[in-house]
Amino acid sequence: MTVERTLSIIKPDAVGNNHIGDIVSAFEKAGLKIVACKMLHLSKQQAEEFYAVHKGRPFFTPLVDFMITGPVMVMVLEGNNAIAENRRIMGETNPVQAKEKSPHSIRAKFANTIDENAVHGSDSPETAQTEIAFFFKNGEICPRTR
């Protein structure tokens with residue numbers, strides 16, 4: 001098993017519905033450790049920069065508009081195979097599919113639509129590295145020593 005770091009974002013819908021604790025608990029119960037965390041309200045420019053890889057796709061503008069509707073919680077999660085484990089815990093992007101395939105996943109429990117789907121997680125080691133650096137400086141990540 002490989003110890004990895006991945007970025008997780010609790011999106012405005014889940015923050016607004018007070019699901020931060022439930023979502024963090026799901027990560028911790030699965031053995032992932034939070035090594036960095038902060039709440040912030042993304043500007044339109046930040047959201048456009050973060051999701052720039054999707055620019056030109058039909059969902060880009062609605063995604064950016066959604067991500068600036070309220071605060072988000074950004075976290076760096078660490079653990080064995082953290083990227084795959086985070087994605088398993090999140091569940092399918094579409095909450096209808098998440099309810100069918102992984103009924104205990106975050107999106108099955110807390111997402112309302114494919115557009116407002118509660119959480120974001122990095123999809124590869126390269127993406128994780130880029131996404132973590134977008135939100136956190138090295139000194140803001142605290143390796144867990146206990």
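**Close-up 1. Strand β1 meets strand β4.** In this predicted model, β1 and strand β4 (residues 119-121) run antiparallel and are joined by three bridges. Look for Ile-10 here: Val-119 is its bridge partner in β4.

**Close-up 2. Strand β1 alongside strand β3.** β1 also pairs with strand β3 (residues 72-80), again in the antiparallel sense, over eight bridges.

Close-up 3. Searching the whole structure turns up three salt bridges. One of them links Glu-78 with Arg-5, with the closest N and O atoms 2.8 Å apart. Since Glu-78 sits in strand β3 and Arg-5 in strand β1, the pair ties together parts that are 73 residues apart in sequence. Glu-78 is buried, at 16% relative accessible area, while Arg-5 is partly exposed at 31%.

**Close-up 4. Glu-140 reaches Lys-38.** In this salt bridge between Glu-140 and Lys-38, the closest N and O atoms are 3.5 Å apart. Glu-140 belongs to the segment after α8 (125-135) and Lys-38 to strand β2 (residues 33-40), so parts 102 residues apart in sequence get tied together. Glu-140 is partly exposed, with 34% relative accessibility; Lys-38 is partly exposed too, at 25%.

Close-up 5. Arg-88 is exposed, with a relative accessible area of 51%, whereas Glu-85 counts as buried at 19%.

Key: Residues numbered from 1 in each chain as written. Predicted model: local features only at pLDDT ≥ 70, side-chain atom pairs only at ≥ 80, totals over all residues. Heavy atoms only, no water. Pairing = 2+ DSSP bridges. Helix = DSSP H or I, 4+ residues; strand = E, 2+ residues; numbered from the N terminus. Salt bridge = Lys/Arg side-chain N within 4 Å of Asp/Glu carboxyl O. Buried < 20%, exposed > 50% of the residue type's maximum accessible area, 1.4 Å probe, protein only.
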